[in-house]
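Colleague: Could you walk me through the labels in your model? I'd like to hear what backs each one up.

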Amino acid sequence: MLASALLSGLGLGSMYGLLALGFYVTYSVSRTVNFSQGSSMMLGAVLAYTFVMRAGWPLVLAIAAALLLCALYGVVVERIAVRPFVKRRSEGWLMSTVAVGIIADNAVLFTFGKEPRGFSVPWTAASADVLGVHVSALQVAIPAVGLGAAAVLHAFSRRSRLGKAMRAVMQNPDAARLMGIDVSLAVAAAYAIASVFAGVAGVMIAPLFNVHSDMGTVFGLKAFAVAILGGITSAWGVVLAGLVFGAAESLITAFLGSSYTQILTFALVIVALAIRPDGLLGRAVVRKV
Amino acid sequence: MGGIVMLKRIVLLVVVLAAALPAGAQETIKVGLVTALSGQSAQAGEAISRGLQTAIDELNAKGGILKGRKLELLRRDDEATPAKGVIAARELVFKEKVAVLFGGLDTPVSLAIVPLMNQEKIPFMGPWAAGTAITRNGANPNFAFRVSAVDELVDKAMLQYSLKTFNAKSCGMILVNNPWGESNEKGLTAALAAKGMKAAGVEKFEANDVDVVPQLSRLKAAGADCLFLVGNVGPSSQVVKSLDRMGWKPPIVSHWGPAGGRFTELAGPSARNVHFVQTYSFFGTQRPVGQKVLKALMAKYPDIKGPADVTPAVGVANAYDAMMLVALAIEKAGSTDGPAIREGFYKIDRYEGLIKTYEKPFSPQTHDALTENDYVWTQFIDNQIVPVGLKN
């Protein structure tokens with residue numbers, strides 16, 4: 001029971017981590033977040049489903065197109081729901097990103113339909129018994145993709161030109177601007193990356209779950225808790241927090257019963273933050289006057 | 001000149017209309033239906049409508065009831081919300097003066113409408129919603145009747161089926177975390193207690209949970225040798241997929257949640273392992289009433305080519321029998337007066353219906369015409385709901 005609960009918890013946990021990485025990326029670069037990360041995740045799943053099951057595209061092409069559209073969605077969210085408020089030094093983006101998410105969910109409800117749909121990908125059903133635990137291919141693929149995406153982000157921010165520009169903006173936006181770095185582009189890129197990560201989570205979760213318009217709502221909320229728990233300024237902290245949160249959820253359900261899951265997991269988040277106010281691996285932001 | 005002719009025509013028309021209207025109003029007996037006709041449950045509402053209309057067409061073709069009065073169905077959409085349902089019911093009762101009102105598939109909507117019907121003394125007939133309290137509402141006199149499954153009885157039937165078919169010793173409950181799941185937890189616990197048994201465990205899951213493996217692992221560790229499942233189609237499919245991931249294949253005995261959607265698509269090939277309750281199936285050998293109804297449905301609705309297209313079958317079958325029983329009650333009453341029709345229900349002796357032959361289906365103590373012995377156990381084979389064992 002321990003092994004199977006841990007396996008399923010770490011799988012979901014890596015997806016929480018992936019969504020939470022999106023919060024980390026935009027927060028680091030612009031001190032804002034997209035509260036509709038859950039909707040980005042839903043869009044990834046709905047678009048991939050539509051391209052594969054309704055348009056008959058090959059899986060790889062469908063996923064690529066879905067993720068590209070997720071990136072575009074992220075850019076649009078930043079442009080219409082974040083930038084106008086930041087320019088006026090308003091905190092309105094807190095509400096407007098939530099609003100964009102609700103609009104996206106409802107637009108999908110109208111166009112995609114109310115009925116949940118099943119998205120089965122043939123290879124995901126393959127399974128084997130490892131040390132007495134039944135393991136499906138998808139259960140191995142999900143954490144692998146989650147950690148892989150985190151590694152890609154790490155390499156991107158260290159090696160690529162845009163990644164380096166984003167890190168410069170993270171350290172000091174004004175100095176970066178003076179060095180000729182396009183800050184708006186860096187922020188837009190951060191939003192695009194955040195949405196793509198959520199889209200990847202959506203595509204990976206879809207075969208486990210059902211595809212429908214509000215599939216990302218609760219997920220997005222938990223991912224935000226994970227981002228705060230990990231310390232929103234630390235990429236590896238966020239990934240670690242995702243795994244801890246997922247494993248905690250799963251182990252509490254398995255050993256204490258489902259009635260306690262939500263109460264205890266969120267209580268643990270509060271206790272963890274009381275002990276480490278800046279998150280598991282986060283550092284206190286020093287305000288320079 | 002033309003003006004005078006026109007005036008004469010208008011006067012004539014008014015006279016004809018004035019003469020025709022009251023006569024027509026006296027002639028037809030209006031029955032109302034308040035159910036979901038749009039949204040996710042639109043198909044279920046349409047199934048109820050078709051069952052009622054098929055019965056009404058048959059009765060009208062025979063010359064109507066109460067010495068030649070025809071029946072007329074008036075439908076209103078409740079959009080699955082209690083407030084809209086009550087508004088629609090008020091309109092049908094006060095403005096249209098329906099003799100009987102039929103309810104839809106949502107228990108909360110029916111529970112909201114029933115007090116109005118008891119107050120106005122107009123019979124309410126439920127052809128779908130299974131909430132126990134709809135008919136057992138504590139009112140005296142009680143005007144709510146039902147031809148459908150009842151949660152409390154379904155729970156008893158689920159236990160009976162698990163014992164008889166799977167020889168289960170210790171079943172675990174896996175229930176959606178909402179009032180429906182809770183009411184069935186009570187029902188199943190009571191049914192088990194009546195046989196001196198206990199559940200291996202009781203686990204809840206959220207309708208939006210991706211993974212139910214931890215809950216199921218608990219039940220497995222507690223020694224469950226079968227599962228009682230209560231949840232709508234989406235959540236039920238999450239349970240089936242989680243079982244697949246665990247590689248655990250216990251028998252699954254379920255309430256009728258899976259019938260509400262594309263269960264095979266959502267749950268995958270293991271969908272067929274779920275045995276769930278229905279009140280009727282148009283598959284398999286049909287009695288003469290079944291043959292007659294299927295023929296009538298195929299003649300009236302071009303999209304119905306065979307039993308697979310009568311879906312959800314429970315909506316059509318329950319509504320057909322419910323309308324026929326209502327007609328008999330009105331005949332027994334000899335009028336469309338509400339309290340008289342209510343007494344009329346108790347006077348029905350025998351009716352050879354679609355679901356079964358009803359012998360004294362209603363009494364002041366029993367307002368539910370179907371019992372746990374009337375349920376049919378079904379499974380999804382491909383995309384069709386068929387009786388267990390009929391197809392492989």
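Modeller: Start with burial: buried residues make up 49% of the 289 residues in chain A. Bear in mind that this is a predicted model, where local features need pLDDT of at least 70, side-chain atom pairs count only at pLDDT 80 or more, and totals for chains, interfaces and linings use all residues. Residues are numbered from 1 along each chain as its sequence is written, while chains are lettered from A and ligands numbered from 1 in the order in which they are written.

Colleague: What makes a residue "buried" or "exposed"?

Modeller: Buried takes 20 or more other C-beta atoms within 10 Å of its own, exposed 12 or fewer, partly exposed in between, with C-beta atoms placed from the backbone. By that count, 51% of the 392 residues of chain B are buried.

Colleague: Why is chain A called as compact as a globular protein of that length?

Modeller: The globule rule is 2.2 Å times the number of residues to the power 0.38, and the radius of gyration is taken over C-alpha atoms. For 289 residues the rule gives 19 Å and chain A has 19 Å, so the label holds.

Colleague: What makes strand 1 and strand 2 of chain A a pair?

Modeller: Pairing needs at least two bridges found by DSSP, strands being E runs of at least two residues, numbered from the N terminus. Residues 127-130 and 133-136 of chain A share four bridges and run antiparallel, so by the definition they pair. One of the bridges joins Ala128(A) to Val135(A).
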